[in-house]
Structures are given as C-alpha cells and as structure tokens.
Amino acid sequence: EVELKYGADRLGKRQDPAMQKFRENRLGAFIHWGLYAIPGGEWNNKTYHGAAEWLKAWAKVPTMDWLELMKQWNPQQFDAKKWAKMAKEMGVKYVKITTKHHEGFCLWPSKYTEYTVANTPYKKDILGELVKAYNAVGIDVHFYFSVLDWSHPDWRSSIKTQEDSIAFQRFLTFTDNQLKELATRYPTVKDFWFDGTWDASIKQNGWWTAHVERMLKEMLPGVTINSRLRADDYGKRHFDSNGHLMGDYESAYERRLPDPVKDLHVTKWDWEACMTIPENQWGYHKDWSLSYVKNPTEVLARIVHAVSMGGNMVVNFGPQPDGDFRPEEKKIADFIGKWMKKNSECIYGCDYAGWEKQDWGYYTRKSNQVYMVVFNPPYSGQLTVKTPKGITITTAKTLTGEQTQVTETTRNEYNVSLPKNMPQEPFVIKLEVKDAQKTQDKYREALT
Ligand SMILES: COc1ccc([C@@H]2N[C@@H](C)[C@@H](O)[C@H]2O)cc1
C-alpha cells in the first residue's frame with residue numbers, strides 16, 4: 001500500500017446507526033429542479049435531445065443569458081406538502097434534492113451568491129420548505145450538491161496558470177461557505193451527494209475533498225457522503241490508490257447497474273444507484289417522446305436488482321416549472337407505491353442473499369428469510385432455486401400467505417412451484433431457510 005494523506009478514512013462498511021438507516025432505507029427519490037425546468041430542453045425554438053439540465057451547454061447559452069431565467073422562476077403550483085405526500089405514498093424512505101446543479105442557481109437563499117430563489121419572483125426558501133415537509137412525514141432528506149458551478153467566475157475545470165490557481169482557491173472557499181451554510185440552516189440533512197467533481201481542477205485538489213468530508217462529518221455527526229466527492233493525493237476518484245472506497249458508499253452507478261453474476265464484488269461495500277425514467281433526462285424536458293421511457297415494471301425491476309446486490313436505488317423526478325409533476329412521473333410513483341404497500345418486506349432492510357441468480361428474478365434477504373422476487377414466471381411452473389452448501393429450505397409461501405410446493409430435485413437444488421392464483425404483476429415468495437449442519441447426502445456425483 002502507498003502512504004496517503006487524503007485516501008479512505010475507514011476500511012469496510014460503516015456500522016453506526018445513521019449508516020444502518022441509510023442502508024435499510026434502500027429506496028429513494030431524486031428531485032432535479034432548477035432554472036433548466038423553465039426552457040425544458042428547448043432554446044430559441046430549437047429542441048435539444050440531450051439531458052435538459054445540461055441545456056445551457058448544448059445550446060451554448062452565455063451565463064448571463066441563462067441566469068435571466070431567474071426572472072421567470074415563480075412555481076405557483078409548488079406545494080411542499082403535496083410533494084411529501086407523493087413521496088410517502090410511493091414508499092421512498094429518503095429524497096435527494098438538487099440544492100444547486102451545475103447552473104449555479106440555489107434552491108435556498110444562499111448569502112454567498114445572488115443566484116438564488118431569494119432573488120426571483122417566488123422569493124421563498126424552497127429547500128427549507130421541502131426539508132420541513134419531507135421530515136414531517138418521516139422521510140429523510142439528502143442534498144445533491146454540484147461542485148462544478150457554471151455561474152461562478154472563479155470556477156476552473158483545469159489549473160493552467162497562477163491566476164487559475166488563485167481564482168480556484170477562492171472558488172473552493174466559496175464552496176466551503178455554501179456547504180457550511182447548508183449544514184447550518186438544515187441540520188436534519190442526512191447525506192451529501194456530490195456531483196460535478198470529475199474535472200482536473202478537483203482531482204488536483206484531493207486534499208480539499210477530504211477536508212469537505214471531514215468538515216461535514218464534524219458539523220453533522222452521522223451524515224453520509226458519497227464516493228463521487230472524493231479524490232486522493234494522486235487524483236484517484238471513488239477508490240483511493242490502495243483500492244479502498246472513499247466516502248461512505250459507492251455512487252458510480254448512474255443510469256446503469258452492476259451485473260448480478262459478473263459484478264458480485266460490489267456486495268462487499270455499500271453503494272447507491274440512481275436512475276432516470278426516460279433514457280437520460282434528470283431535469284424537466286418538455287418532450288419525452290424523444291427517447292425510450294421505462295414502464296413501471298422496468299423501474300421496479302431496477303429497484304429490486306439494486307437491493308438484490310446490497311445497494312440502494314434512487315428514482316429520479318424532474319418537476320415542471322410550475323412546481324407540479326408530469327403525469328408520467330405521477331403514474332410511476334403510484335405504481336411503485338401500490339406494489340410497495342404489498343411487498344416492501346422484500347426491500348426495506350434487505351440485502352444481498354448470496355445465492356446464485358436465476359432467470360425468474362431476484363433474491364433479497366433479511367436475517368434468515370430469503371425473498372424470491374419473481375419477474376419472469378417460467379412455463380415449467382417450477383422456480384429453480386440453488387442453495388449454498390449446507391443451506392436447506394424449510395417453507396415457501398407468498399406474502400399473502402399462500403403455501404407453495406418445495407421439492408428437492410438434487411443436492412442443493414429445489415423446485416419451488418408457482419402459486420396457484422398467480423398475481424398479474426411481479427410477486428414475492430418468502431423462504432424460511434435452515435443452516436443444516438448435518439445433511440444426510442443421498443445424492444451421488446456422476447463419474448465423468
Ligand atoms: C459528463 O456527463 C455527465 C452526466 C450526468 C451528469 C449529472 N449527474 C446526474 C445525477 C445529473 O445531475 C446529471 O446532470 C453530469 C455529467
């Protein structure tokens with residue numbers, strides 16, 4: 001191992017109550033809301049197919065022109081209590097809110113920049129109202145924060161000159177001030193999810209990323225920090241030069257998931273994935289017909305896939321400029337919520353089962369209960385289950401209590417029969433398992 005001053009502060013998974021809550025939450029929602037919602041992917045009558053929250057870049061809009069959008073920021077339909085009700089009914093345990101995206105517009109009245117809600121027709125502290133409303137219904141609030149800030153004259157993507165270096169140090173101080181402001185104004189925040197940290201300027205200042213993690217953990221004991229903030233002494237990101245995960249959980253799975261067979265290494269650490277409902281839209285885009293939009297079951301499958309590999313999943317919502325949600329997003333939230341009401345036992349507090357993935361769906365586990373979440377019921381009517389050595393299945397029944405047949409077909413292999421009245425949506429079979437020390441082994445290996 002190499003000597004590091006700004007590498008991982010800890011080895012292995014955090015086991016304190018705050019991290020256990022983060023992990024057991026499992027299902028979260030992302031809110032991407034900013035000035036970009038106003039143009040919704042269209043600029044000067046041209047529609048851009050790229051991510052709507054990056055429109056400023058696609059349409060090459062000068063910063064001052066872009067920030068003129070503040071004059072139109074007046075979401076008359078915004079009602080934090082309605083947003084909290086929607087999240088509660090969807091079954092999410094936490095919501096990650098874009099406090100400031102790359103555009104530099106702040107949803108809270110920051111005193112370190114003029115580009116905030118306070119200087120818009122709306123005036124009020126949107127972030128404060130959301131923190132209060134989500135917390136009031138028992139939902140944790142996480143802050144998304146973009147270090148990259150297109151509105152700030154001292155931002156640099158690379159440090160080429162002494163002037164760059166002096167400006168960038170001013171920028172890092174500005175960023176420290178905003179982070180301290182957020183931690184002070186909203187002390188119930190449970191997590192900071194950093195983005196916009198891929199540039200050389202940040203990689204060259206790994207010390208600063210370590211300082212931010214330590215500063216926030218000092219101000220807010222228990223707070224969790226994503227790996228994407230972190231660069232070590234040599235600019236290595238997420239995992240330090242000794243291969244140790246920095247921050248409290250890996251945050252590299254954005255719009256993609258680890259493979260349930262080839263990527264089992266991710267089960268060794270905490271991780272959180274995030275996903276969009278269209279192919280790639282985080283902020284509000286007027287026209288969702290431009291790319292594939294996942295159906296509710298596809299969204300559900302990604303949630304279960306993440307939990308089955310010991311990760312969290314955050315489903316993204318991009319609210320409209322008026323502060324209401326588009327119908328497609330309300331439908332997804334409603335479907336997930338209805339499914340979670342019946343089946344959340346296989347999600348909350350669950351983890352990787354350590355069993356070999358089968359085609360019919362995913363396993364999740366909570367203590368000695370293994371859940372089979374069935375997405376693809378087979379024509380054979382039999383669900384193949386392969387148990388690890390020494391593990392036997394005692395019972396199998398649906399969450400509605402219907403017993404299903406368990407037949408041992410060979411050593412450590414079983415057929416679990418499909419329930420008689422099969423639901424017309426993904427369903428769960430709960431297995432009681434036994435760690436059988438002495439199993440009389442009546443099976444014979446074929447001599448080949
Ligand atoms: C350079 O590619 C990207 C892609 C997405 C992002 C941002 N991360 C997501 C969580 C959204 O905030 C997206 O704008 C930034 C840079």
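**Ligand site and cysteines in a predicted model**

The model is predicted, with local features needing pLDDT of at least 70 and side-chain atom pairs counting only at pLDDT 80 or more, while totals for chains, interfaces and linings use all residues. Residues are numbered from 1 along each chain as its sequence is written, and side-chain values use heavy atoms, without hydrogens and water.

Ligand surroundings

Polar contacts (N or O atom pairs within 3.5 Å)

- The side chain of E53 has an N or O atom 2.7 Å from a ligand oxygen.
- For D195, a side-chain N or O atom is 2.8 Å from a nitrogen atom of the ligand.
- E254 places a polar side-chain atom 3.2 Å from a ligand nitrogen.
- The ligand taken alone exposes 400 Å², of which the protein buries 74% (Shrake-Rupley method, 1.4 Å probe).

Cysteines

- The count of disulfides is 0, a disulfide being a pair of cysteine sulfur atoms within 2.5 Å.
- C350 is in no disulfide, and its nearest cysteine sulfur, that of C346, is 6.3 Å away.
- C350 is buried at 2% relative accessible area, where buried means under 20% (1.4 Å probe, protein chains only).
- C106 is also buried, at 0%.

Key: Buried means under 20% relative accessible area, exposed over 50%, partly exposed in between (1.4 Å probe, protein chains only). A polar contact is a pair of N or O atoms within 3.5 Å; within protein, one must be able to donate a hydrogen and the other to accept it, and residues adjacent in sequence count only if both atoms are side-chain atoms.
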